[in-house]
Amino acid sequence: MAQMRYREALNQALREELTRDERVVLMGEDIGVFGGAFKVTEGLLEEFGEARVRDTPISENTIVGVGVGSAMTGLRPVVELMTINFALLAFDQIVNHAAHIHYMFGGQARVPLVVRMPQGAGHQLGPTHSHCLEALFLHVPGLLVAVPTTAADAKGLLKTAIRDENPVIFIEHESLYGVRGEVPEDAEQLVGFGRARTVREGSDVTIVGISRMALTAERAAKTLAEERGVEAEVIDPRTLRPLDLDTILASVAKTNRCVVVEEGWPHGGVGANLAALISEQAFDDLDAPVKRVTGADVPMPYSKPLEDIAYPHEPQIVHAALAILGLEDSGGTAG
Amino acid sequence: MPGSLPEPDAAREWLATMTLIRRFEERAGEMYARAKIGGFLHLSIGEEATIVGSARALREDDYLISTYRSHGHALVRGTPPENVMAELFGRVDGCSHGRGGSMHMFDLARRFMGGYGIVGGNLPIAAGIALASDLKGTDEVTLCTFGDGASNQGTFGETLNLAALWKLPVVFMVTNNQFGMGTALRRHSAVTDLQRKGESLGVPGMRCDGMDVLDTHAVISEAVRRVREDRQPVLVEAITYRFRGHSMADPEEYRTKEEVAQWRTRDPIPAFGQLLMGEGVIDEEEFARIDVDAIARVDAAVAFADRSPFPAPESLYDDVYVLDDQVRGSYSVRTTSPEEADPELAAASETAQGDSSGEIPEQITTALQAGEDGS
């Protein structure tokens, strides 16, 4: 194991896969000479050259479309969109094309494409630069969606994404790039899709945390244990499609209570989806309705005090867990 | 550019393929009116020379990528009419296995990289295909066709710029049939000289007479040669006209019957037939036989499509993903079990497809009365 930052783990995954498979090509805005807006691709242009590490014009829809076409005819493109906010400009290529080509052409063509991008609020970037949109991509059949939280998962999941035959939406988090963690050094130690990570075991309540919220949930669980004697089991699904529902349901069968925490909006969110799945498939295990802690149902405001209360923090998760345990009044935590 | 006649066998094949496309499209229109075909149906009647003239400028290992008006592009690449008609009928033997329909034809083996339902959606994909050709060290060329309307999409500017910047081997062919759906060129594009629309993006332009298969072939051949040798994209504008509506549900109130009649005098098929007869390549008997053969081929395609089964309800979830044995978890959410879904799905597909004795949907009869001549 080696200690490294999340961004370094991603960089290592890209370097290893570029080395392993000559079909792997990187494309994106400022990924080459500049080294990536978040420095994820730093040094790769020098190492692998302009043919395989390609700076692109600011043309998101076309960059993704070039990824689609090149994936259909034999490359393994990894497209970086500078942030998830700009993915909205590429929605046509992602949804109408990347996601549907395998199905609508009767299985003849494959689109082994990875579209990487970070999301997240907290840097006072206002409404157009603070999105958490995993739910939008989760909605679309044909896409796989990965949301790595730790440095090890960032590396292991990205390597799996590059080797997968399906289009993968790989959602990183701006606030996690600098976070350090232990990362396996073995280049063949991948993290498979559809395998949730049990961050912490507990028997009182299940807390499912999405993307950065898995870390926030872990901190909340520590507080719950230390201050209230509540043992929360924290689960990080790691991929939302495919979804390891079995691990979540097994945990709910043990704890009988579930809180889902996400940074995105409540309506049609990941938590809404999980709450539906859990209540459909494990209603008898539940002692209380599934509770959601989500981003506020508003465009992200710029002003710091407003931004702070517009996405979940540890106290809200603690409160939600205590509320469904009947240890505290339920407040307006969801939405 | 003066187009010279190809070898006699090639000339006969071009005429035969244009005729096949014409007869195929006419029959598809009839089958649509009989509710054998659902959804939208965009016919390329009048545009056959743009299809055959351009595709015959390609090698077999070159790629062709098209739009939602793409039956002819599949046919010209060699996809059997049986499989194209079966796709229109929504059957398992369709070239996209009944998943795509009229707008989403595909034939990977013949390097026909698809019809695409989103205007301008195929341009970036064409650039990606060309990038893969380039990085694999081949000299393959990608021919990307799209309509005049697509030249206003963001992907047009984005892709031409990127293709020029990266020196990608793409021939961008704008099939200018004078209308973006029902909006005339002069009403949808500030620059109507479309061959010039790529100049500021570093893509030189050329133009051909899309009603003349020889001229189209000559100009596209030159474009393909330049792209292959110079590794630089080219934009070719083919001037043409669609004789029928944008789709079958088009009352054609945006143009006059006189205008359509005027363009019909330039019909590329009789024009090329006359030329070949004048040059002594074929005689009248052979000209007639080519047409009879095309009709027979289309008859066979319809019979085949009619016999081909609908996809089984249990195939609904097939090919959403390339499934990996190593991956756990659920890829797709099935809200009902297949057993429960079966009768419902079967009933739904019956209703949606109708049968030969069924009534013609109202919107189609309206369209027919309003302008479709049924010929």
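How many bridges join strand β1 of chain A to β8(A), and do the two run parallel or antiparallel? Hi everyone, let me start there. Four bridges join β1(A), residues 2–5, to β8(A), residues 180–183, and the two strands run antiparallel. If you want to find the pairing on screen, look for Met4(A), which stands opposite Gly181(A) in β8(A). Before I go on, please keep in mind that this is a predicted model.

Let's stay with β8(A) for a moment. This strand has two faces: Gly181(A) and Val183(A) make up the covered one, while Arg180(A) and Glu182(A) sit on the uncovered one.

Now for helix α1(A), which covers residues 6–20. Is α1(A) enclosed or open, then? Eleven of its 15 residues are buried, so α1(A) is largely enclosed by the rest of the structure. For those of you who like to pick out side chains, the buried set includes Tyr6(A), Arg7(A) and Glu8(A). Further along the helix, Glu17(A) and Leu18(A) are also among the buried residues.

Next, a sheet in chain A. Five strands form an open sheet in the order β9-β11-β10-β13-β14, and the pairing is mixed. At the edges we have β9(A), residues 197–200, and β14(A), residues 291–293, each pairing on one side only. From one strand to the next, the twist averages 25 degrees. One pairing to look at is β13(A), residues 258–261, with β14(A): three bridges join them, and they run parallel. Here Val259(A) stands opposite Lys291(A). Packing on this sheet is helix α12(A), residues 314–324, which touches β10, β11, β13 and β14 of chain A. The direction of α12(A) makes about 170 degrees with that of β14(A).

Let me zoom out to chain A as a whole. Its secondary structure comes to twelve helices and 14 strands. The radius of gyration of chain A is 20 Å, close to the 20 Å that the globule rule gives for 335 residues, so chain A is as compact as a globular protein of that length. Along the principal axes, the C-alpha trace of chain A spans about 60 × 45 × 40 Å. Buried residues account for 59% of the 335 residues in chain A. As for contacts in chain A between residues at least 6 apart in sequence, 78% of them join residues at least 24 apart.

And chain B? That chain has 13 helices and seven strands. Of the 375 residues in chain B, 50% are buried. Taking contacts in chain B between residues at least 6 apart in sequence, 75% join residues at least 24 apart.

Last stop, the place where the two chains meet.

Notes
Residues numbered from 1 in each chain as written. Chains lettered and ligands numbered in written order. Predicted model: local features only at pLDDT ≥ 70, side-chain atom pairs only at ≥ 80, totals over all residues. Expected span 1.5 Å × (residues − 1). Buried ≥ 20, exposed ≤ 12 C-beta atoms within 10 Å, placed from the backbone. Contact = placed C-beta atoms within 7 Å. Pairing = 2+ DSSP bridges. Axes fitted to C-alpha atoms, helices over the stretch in contact; angles between N-to-C directions. Rg over C-alpha atoms; globule rule 2.2 N^0.38 Å.
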